[in-house]
Amino acid sequence: MGRRRQRVDPAAGARAGALPEAIAALSRSLPSGPSPEIFRRAKFDRPEAVTLAQRTSALWQLLFRVLSPLPVGNALASLALEAQAHLVKSALCSQGYPRLALAQLPEDGSQGSRELLLALSWLLARGPVPEQMLAQARVPLGDEMTVCQCEALASPGPPAPHMEAEGPVDVRRVQWLMGKLQFRWRQLVSSQQEQCALLSKIHLYTRGCHSDQSLGHLSVTEAEMLRDPEGGQQLLQTLERENQRLEAVLAWRHTELVFWRWMDTVLGTCAPEVPAAASQPTFLPWVPERGGGELELVVRELQALEEELREAVERRRAAWEAKAGGCGRGPEWSAARRASREAVEKELGALQQCWKQDSGPARPHGPHRLVRREDGAAGERDLRAAEVIRTLRSQEACLEAVLRRLQGQCRQELARLVGALPGLIWIPPPGR
Amino acid sequence: MEHAHSFSVVFRGNTPSLWLSMSIVTVQLGQCGNQIGFEVFDALLSDSHSSQGLCSKRENEAYQASCKERFFSEEENGVPIARAVLVDMEPKVINQTLSKAAQSGQWKYGQHACFCQKQGSGNNWAYGYSVHGPRHEESIMSLIRKEVEKCDSFSGFFIIMSMAGGTGSGLGAFVTQNLQDQYPNSLKMNHIIWPYGTGEVIVQNYNSILTLSHLYRSSDALLVHENDAVHKICAKLMNIKQISFSDINQVLAHQLGSVFQPTYSAESSFHYRRNPLGDLMEHLVPHPEFKMLSVRNIPHMSENSLAYSTFTWAGLLKHLRQMLISNAKMEEEVGSDCVAQASLELLVSSDPSTSASQSAGITGIDWHVRPPLSGLPPLGKMSLNKDLHFNTSVANLVILRGKDVQSADVEGFKDPALYTSWLKPVNAFNVWKTQRAFSKYEKSAVLVSNSQFLVKPLDTIVGKAWNMFASKAYIHQYTKFGIEEEDFLDSFTSLEQVVASYCNL
């Protein structure tokens with residue numbers, strides 16, 4: 001390993017420990033990051049049995065953690081490796097990852113550690129990944145809530161697994177499920193209200209207990225720390241671990257240049273990628289040249305079959321297009337699609353504009369700590385609850401207006417459809 | 001709620017607030033609502049104080065704490081105060097109710113929890129809805145708000161009212177609508193009393209359809225008790241000679257108590273369910289067209305007989321299942337000698353005159369019932385008698401309380417033939433089991449059912465109301481106060497819709 005390194009980058013020999021340092025910092029800064037050893041060996045795709053599988057699956061899991069937008073500890077974390085690998089592939093694809101080789105890797109974690117290493121570096125180069133992950137997993141000491149709606153407007157996470165219905169589904173069953181969902185939603189809202197009431201109580205009862213005068217009262221975590229010293233110890237340990245990761249991130253930022261130079265070498269060891277063909281090449285079985293005449297016959301038959309299938313597909317597609325009136329293709333459709341996309345963008349823009357107007361001075365993003373104050377004094381960077389409430393209410397009003405408009409459009413469309421059928425009386429269901 | 005585990009810090013003594021029940025606020029409307037409400041709170045608290053719980057002390061204490069938090073709030077001197085708002089247009093019944101509660105010494109109503117006026121409304125639904133309602137809206141809603149604010153954790157409303165009366169019904173419909181507007185995220189269950197078939201009020205059918213159609217829009221669940229049915233229970237099972245309203249209300253309260261007292265969520269749970277109202281609704285009424293619930297409780301007998309009876313879970317559950325299938329309101333209607341035949345293949349008698357809903361006292365029927373052959377019965381309600389022999393359910397909930405409850409076998413309720421085609425038994429049926437016995441019954445079982453049981457009575461009422469409406473009889477009493485013919489037509493339409501939906505199960 002050392003010999004190889006010297007051959008590639010003799011200047012780095014003077015800083016022989018620089019690369020391991022950098023990789024170690026990276027490993028420490030990522031959540032349950034794989035050991036530095038795994039990173040180094042990932043460069044080599046040689047199937048060294050156990051260790052290759054180990055480091056490949058470790059890298060799949062790390063990529064999954066990085067790409068999954070949800071916090072750790074939920075049901076997603078317990079997905080099987082194949083499912084995680086699949087989600088990683090689709091997430092990378094939707095973000096525009098250029099290398100095809102990754103999409104073609106087997107999902108069982110048996111090979112491809114080098115490709116995974118490249119994918120990880122691509123993500124690291126695009127954005128501040130260790131910092132983002134740190135922010136996601138931080139321990140909030142205060143009671144917090146977010147004020148901005150950025151996360152709400154951001155794109156959703158990796159695509160949900162696609163479920164096929166088995167046969168026709170009774171609409172009543174769908175209504176039943178919708179009703180259950182609505183009950184759960186209402187319970188969620190009630191729970192949130194309950195949480196707020198309890199927070200208010202805690203803040204009220206612990207007035208004067210906090211050493212920091214500007215805060216004045218305890219948060220739930222702090223009160224819990226006092227009530228349960230053991231839990232307090234655990235909290236302390238968690239905070240220390242967080243500190244260590246912070247330091248690792250700083251160290252990483254200092255040494256990352258060495259890492260990137262090394263990654264160039266990794267890229268160099270990969271075979272150049274063939275430009276992607278427009279469609280998947282059909283894969284005929286490889287037949288040795290000197291096979292008997294029989295094998296040639298088989299090959300010709302297979303080729304004829306392939307030709308037949310291709311023609312059948314073309315015929316089907318033409319028939320479907322004629323039936324569907326060129327939906328999905330053709331200039332009419334693309335014009336319609338463009339128009340609807342523009343309409344959506346305009347609406348989104350209008351919505352954001354409407355929100356910006358009422359939001360007053362620009363606010364910092366991210367969570368804010370809740371502090372209850374009797375005297376009403378507020379610092380410069382503090383937000384008053386009344387303002388926040390006003391802003392949220394106006395945003396809500398905007399959204400409701402949009403909802404009502406869309407509902408009206410739906411109703412009009414339904415009425416139009418119904419009007420087209422003579423002799424049909426339309427009785428809408430009683431409003432909820 | 002990442003901080004959920006931290007909420008045990010809320011200052012509530014030993015039992016963490018997180019584990020206590022969410023609270024239900026009861027709204028008692030009119031004479032009927034107030035009398036029943038009193039019996040309900042009384043039954044709940046006496047059961048909670050009962051020494052025959054057949055469970056450990058710790059268990060009993062958890063039960064009591066949960067029951068208390070759900071229905072009562074605490075005052076300094078320790079007497080529980082019912083979480084209730086009492087509303088009536090005349091003071092007599094409310095005063096009686098208040099004093100009865102205070103006399104018990106065990107609990108009482110809040111001092112400022114009542115709203116009443118000096119005059120009645122003469123059983124005029126329109127007056128209750130259009131005049132009393134808006135006039136007193138602020139005062140009533142303010143009382144309710146105060147009660148809700150007292151709850152640490154608020155689950156929903158339980159509104160007790162009659163369907164066919166004047167004040168209780170019209171005002172009740174108005175209040176429920178208001179609650180829908182002001183508390184859209186809270187759950188609302190209306191407990192309605194279905195009038196006697198041979199009731200005395202001429203316009204009771206008008207009142208009934210107006211009440212039902214309004215409630216269907218603004219309430220989440222309608223828990224129905226039929227006066228006729230409860231009357232029969234008093235007469236035949238409890239052997240009461242001269243049945244008073246108090247007797248009827250006590251039976252009602254017993255049934256409601258066995259539904260709403262604390263239950264466990266699953267066999268391995270460590271604490272009682274927090275949100276029974278929410279769980280119940282989620283299991284039984286998520287579909288907006290199917291909101292009618294019935295309650296059947298078994299066993300039901302006078303205290304004297306109770307001392308000499310023993311029950312097995314198998315026997316009780318078999319009876320309960322027969323009651324469900326045959327749409328019987330009480331166990332004797334099924335006929336005790338057919339219990340022995342517990343076969344799943346059931347044949348229906350095709351003679352309309354022996355329809356199951358008229359099966360009072362019929363014994364010896366060979367209980368083989370086949371579900372309707374054609375799959376879906378024809379649209380519209382053609383021959384109700386024929387189609388409804390077999391009481392099809394949308395969903396069922398069985399709550400078991402008492403000794404050896406874990407050994408009770410409810411497989412009989414998971415038969416797909418009992419349910420409609422679009423919901424599998426695994427989704428449609430739930431069972432809650434609790435060790436702690438209820439109200440001196442060593443074993444008791446209650447079935448809350450969303451099924452076709454009310455279709456026939458509803459259809460009857462709609463038919464009668466329509467006949468009166470066709471001749472415009474008494475309509476002026478309603479139009480005088482703002483209920484127009486349009487509103488009647490809307491009501492007829494919605495209820496026909498409900499009947500059709502249930503028939504098409």
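A residue counts as buried under 20% relative accessible area, as exposed over 50%, and as partly exposed in between. Ser439(B), with its relative accessible area of 26%, is therefore partly exposed. Keep that scale in mind as you look around this model, which is a predicted one. Here's a quick tour of its two chains, A and B.

**The chains in outline**
- Chain B has 16 helices and 13 strands, while chain A has 15 helices and two strands.
- In chain B, 59% of the 505 residues are buried.
- For chain A, the buried share is 27% of 432 residues.
- Now take the contacts in chain B with a separation of 6 or more: 81% of them are between residues 24 or more positions apart.
- Do that again for chain A and the figure is 69%.

- In soluble globular proteins, nonpolar side chains tend to be buried together.
- The largest nonpolar core here has 141 residues, and the ones touching the most other members are Ile144(B), Phe157(B), Met189(B), Phe413(B) and Phe488(B).
- Helix H4 of chain B, residues 125-149, gives this core its largest share, with eight residues.
- There's also a second, separate core of 42 residues, with Ile23(A), Ile38(A), Val258(A) and Met263(A) among them.
- Want to see what Phe488(B) touches? Setting aside neighbours within four places in sequence, its contacts are Tyr206(B), Ile209(B), Leu210(B), Phe469(B), Ile475(B), Tyr478(B) and Ile483(B).

**A closer look at Val258(A)**
- You'll find Val258(A) in helix H12 of chain A, which covers residues 229-268.
- Val258(A) has a relative accessible area of 17%, so it is buried.
- Gly109(A) is 149 residues away from Val258(A) along the chain, and the C-alpha atoms of the two are 28 Å apart.

**Two helices packed together**
- In chain B, helix H14 (residues 455-470) packs with helix H16 (residues 485-503) at an angle of about 155 degrees, and their axes are 10 Å apart.
- Angles over 145 degrees count as roughly antiparallel, so that is the label for H14(B) and H16(B).
- The crossing of H14(B) and H16(B) is left-handed.
- On the H14(B) side, the contact residues include Val455(B), Leu458(B), Trp466(B) and Phe469(B).
- On the H16(B) side, Phe488(B), Leu489(B), Phe492(B) and Tyr502(B) are among the contact residues.
- Sort the residues of this contact by type and you get 14 nonpolar, no polar and three charged.

- Most residues other than glycine have a negative phi, and most peptide bonds are trans.
- The peptide bond from Ile298(B) to Pro299(B) is cis, with omega near 0 degrees.
- Pro299(B) sits in the loop between strand S10 (292-298) and helix H10 (303-307) of chain B.
- Ser439(B) isn't a glycine, yet it has a positive phi of about 50 degrees.
- The loop that holds Ser439(B) runs between strand S12 (429-434) and strand S13 (443-451) of chain B.
- Tyr474(B) isn't a glycine either, and its phi is positive at about 65 degrees.
- Look for Tyr474(B) in the loop between H14 and helix H15 (476-479) of chain B.
- With 33% relative accessibility, Tyr474(B) is partly exposed.

Key. Residues numbered from 1 in each chain as written. Chains lettered and ligands numbered in written order. Predicted model: local features only at pLDDT ≥ 70, side-chain atom pairs only at ≥ 80, totals over all residues. Heavy atoms only, no water. Axes fitted to C-alpha atoms, helices over the stretch in contact; angles between N-to-C directions. Helix = DSSP H or I, 4+ residues; strand = E, 2+ residues; numbered from the N terminus. Parallel < 35°, antiparallel > 145°, perpendicular 65-115°, else oblique. Left-handed = near helix turned anticlockwise from the far one by under 90°. Contact = heavy atoms within 4.5 Å. Nonpolar A, V, L, I, M, F, W, Y, C, P; charged D, E, K, R; others polar. Buried < 20%, exposed > 50% of the residue type's maximum accessible area, 1.4 Å probe, protein only. Core = buried A, V, L, I, M, F, W, Y, C linked by side-chain atoms within 4.5 Å.
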